[in-house]
Each structure stands twice: as C-alpha cells, then as structure tokens.
Amino acid sequence: MIVTGPIILNPLELALLGVICLYAVWRGRPEIPLAIYLSVSLWTRTVFVGPSAATWPLLMTIVLALIRYLHVTRLWSLLPQHLDVTTRQLVPATDSWIVPWMGLWWGWALCVLYQFDLPNKMSIARPLLLNIIIGSLIALMVIRDSGEARRFALAYLLTSVYGLYAALRFIDVPLTYLLSDPGLSSLPYRNLGIREYNYFSHHLSIAFLLGLGLFLQARHIWSMIIVLVLSIFCGYGVFLTGARQSLSGAGLAAALIFAWALSRSGKKPWRVPLAIAAIIVIVVLLYQVAPHLIVREGESGLEESFNIFEDRGGLWLIGWNYFLASPVWGWGFEQKLWSHNIFIGTLADQGLIGMTFLIGYLVWALRRLPAVWAQTPNDDRSIWRVVFFSLFLFAVVHGQASGNTMSTAHLHWPLWAVWALSIGVATAPAHQPLPALLRVRQRAVTTGVQQ
C-alpha cells in the first residue's frame, strides 16, 4: 500500500527549524543547512515550510550562511591582498582539472537531456542542478576541517532520524508501536508506504555511515552511546524500507570505515568491536522477531535475499541495446528507468561521451585514496576523509543495481568534501627517489663504463 502526500511541519517544528537556520546564518556555518537540505531532498515527499516547499528556504539559508562564512571565516575577496591568501585556496591545487572536467560533464548531461523527449525533464535537471552541482561546490568550500565535517554529520544524522520519524508518523505508526511489531507485519504498508523507497533508504544509509564517524570521534561515553543508538535507528529504517541495494552498499561502506579504524592505534581501541557487536546483536534480534525484514517471503536464504543483481540481467540488456542504437550520445535519459546500473545507464543515457566523463571522474576518485588511507595521527580530519569516501563507495555499490549518475547526488558531493579535507595531507610519491649515496655511486659507475 502506497501512501502519497506532502509533509507539513507543525508550528513547533517550524520554530525549531527557524532557530537552527538563524544560528547557521549568524555563526556563518552553511554546512548545517547544507546537511539538512541534502537529507530532506531524499525524503521522496515534499516537505512544506509554511506555504513553500522546504527546498527554497533551505537554499536561501545556505546562501546567507555561505556569505557570512566567506566574510568572517574565509575572507574571500578579489582584492590583491586576499586573492592569493584565501580566494585561490577555495579550490585545492592538487587535481584541480576536475573542476572544468565536471563542468563539461554536467553541461553535456543537460545538453542531451534537452535534446531528447523525456516527458519529465525536471526529474533529472532538478537533482543535477540543485543537489549535485550546488551540493558539490558548497561542500568543497565549507567542509574543510574536522569541526565543519562533524557539524555536517550531526545535522545530517538528526535530520534523517526525524525523516524516519516523519515517515512513520505519516502512516500513523507511533514509535511505541515498534516495540510490539518492529517489522510492521500486521500493517498493510510495504516499504513504509513509500513509492520511491530506494531513494528514501539512501539518506538513512548516509546518516548511518556519518553516525559511525561521529561515534569513532566522540569524546564522551554518553555522546558515543547516543550517536550509536541514532545510527542504528537509521540502519533499522533501511531494513524497514526493504532496499537490499542500500543494505549491501551500507554494509560494505561500514566495513571500509571499520577496517580503517582497526588499522589505526587510537585511545579507545574498543570502539570498533563495540560498534560491530551492537550492529550484529540488533540484526540478530531483528531476524528473530521480524525475519521478513532480513529474508523476504519466497526467498531461500540470505544469499538470495542480498543478491543485488537479482532480476537485473534483463534490464541491463535493454539498456545495452539502447546504447547500441545510439552509441555516441545515447538517448538523453529517455530510458533512464530501464538500465538499473550507473555504467550501463550512462552508456544508454549519455553515450560514449558521457562514459568518458564518468571514467575520468572515477580516475579522479581513485586518486583520493592515498590521502584517505594516509597515516596522519595528528590530523583529526582523517576519520572524515574515510567516512565521506565511504559515502561515495556506498553510491557505487548500490548503483550497480539502481541509480543514475545524474540523480544520485551522493555519488558526487562526498568526494568533493574528501578533496577539501585532503588539503595539506602529505602522501608518499608513487616512485620513491633513490638515496643520495646510491645515486652518486650509480653516476660513478656509469662514468667508469663510458671511459
């Protein structure tokens, strides 16, 4: 049973959102409304702030907070005394070719979109312009240190927790009901009554991964417990949506975070085992009381249940045939729902030209790995580099069975945050120079041979 309609905030919720927005503008912290904005964009239902959709008030808040941020925190100016000091530092010096590259790719996507007859062009243009481009550029400018990354993660986590609460409230399910029926098995709603439940599961998975970062960096026991509980609650919400692609992607992304944390020697080495144990216990208990959330009806076991490629071969073949029919520039997203794979979908939608842009972007993404995995014990940004990179990994994994490069915003903005958080990180060169004595000895040997 699918339940449609908007989410209308009540006066108390409006007042709380207003206070948060005023605080973000006054303190010049655009990462807070940016996190709220990116989370709400995946709720699949329009959220109304008074007579307006929440998109526009949040965008206005981001712009005002960004102006304050660039005026107070980073003195952005075209004056000569500020040009070299701050303005040029908005774009990292390493691999800056990605800026014109992505500009060309985004422009190409819009070009082919409006050259073909997709009935609802805004289904692609809106997330591309409002979520991917704006989200990526602002993340690049404002997520530069650990404090900004932490505020972004906390705002995103709390917004997604409320988003799950709002989805349950929308179908008249109070939180207390979950104690007696955690799988909602006695209700007629499937996938929380959400038509585009995969999109809704994305913001919960992102919040879960960001919560793990907050957990690993928390300073107090009470904050660790609160963050872990909220993160697991978002993970539980992913199970309620039934999105197997998101569960698989979030699991692999969390494994990357845990592997990184275990390879480092921290003050509290028991954090990772505690988080892993808590997640396993919750999943086992959930399987005991609501097995259909883990293994759906008609499935033989976990292997079949979490096979994200099930029933995708035929869809991939359709997308591949569309690519063969128009290999250079594709079909302009006319058949975007047929492919269910970001690579085949890119070939079908944007042709070989779009695939060239995607390959270049993936090369740039892989070049972020040395900074992500670098041993920087005195850099508190290190945890956030791996967390944001895990969000990109999550998008790539679930994108093998669903999603599109121009509608999946978290395929883009997390990497731009990783890029910004990598400024000043020293990584070992690919080819280590020879020791000085060895170079002198080799030169002497070469000279002797010539003589």
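## A walk through the predicted model

At 6% relative accessibility, Leu184 counts as buried, a term that here means under 20% relative accessible area, with exposed meaning over 50% and partly exposed in between (1.4 Å probe, protein chains only). The model is predicted, so local features need pLDDT of at least 70 and side-chain atom pairs count only at pLDDT 80 or more, while totals for chains, interfaces and linings use all residues. Residues are numbered from 1 along each chain as its sequence is written, and side-chain values use heavy atoms, with hydrogens and water left out.

Leu184 belongs to the loop between helix H8 (177-180) and H9, where helices (H or I, at least four residues) and strands (E, at least two) are DSSP runs numbered from the N terminus. The phi of Leu184 is near 55°, a positive value in a residue other than glycine. Asn191 also has its place in the loop between H8 and H9, and Asn191 has a positive phi of about 60° although it is not a glycine. With 15% relative accessibility, Asn191 counts as buried.

Among the helices, H5 (residues 98-113) has 16 residues and reaches 22 Å from its first C-alpha to its last, close to the 22 Å expected at 1.5 Å a residue, the expected span being 1.5 Å times one less than the number of residues. Its buried residues include Ile98, Met102, Trp105, Trp106, Trp108, Ala109, Val112 and Leu113. They cover an arc of only 155° around the axis, which puts them on the same side of H5, the arc being that of the directions from the helix axis to the C-beta atoms. An α-helix has 3.6 residues a turn, so residues three or four places apart point the same way. Helix H19 (residues 413-421), by contrast, is mostly covered, since nine of its nine residues are buried; among them are Trp413, Trp416 and Trp419.

The strands form an open sheet of three, in the order E1-E2-E3 and with mixed pairing, where two strands pair if DSSP finds at least two bridges between them. Strand E1 (7-8) and strand E3 (52-53) are the edge strands, each pairing on one side only. Strand E2 (residues 47-49) is joined to E3 by two bridges, and these strands run antiparallel, with Phe48 standing opposite Ala53 in E3.

On a 1 Å grid over the protein atoms alone, a cavity is a set of points where a 1.4 Å probe fits but cannot get out, and a pocket is an open set with protein on both sides within 12 Å along at least five of seven lines, lining residues having an atom within 4 Å of a point. Grid points are joined across faces, edges and corners, and a volume is the space filled by probe spheres set on the points.

The largest pocket holds about 1,400 Å³ of space. Of the 49 residues that line the largest pocket, the closest to its centre are Ser41, Thr44, Ser123, Glu196 and Tyr199. The largest share of this lining, six residues, comes from H6. By class, the lining of the largest pocket has 23 nonpolar, 19 polar and seven charged residues, with Ala, Val, Leu, Ile, Met, Phe, Trp, Tyr, Cys and Pro counted as nonpolar, Asp, Glu, Lys and Arg as charged, and the others, Gly among them, as polar.

The largest cavity has a volume of about 30 Å³, and its lining consists of Leu42, Tyr199, His202, Ser407, Thr408, Ala409 and His410.
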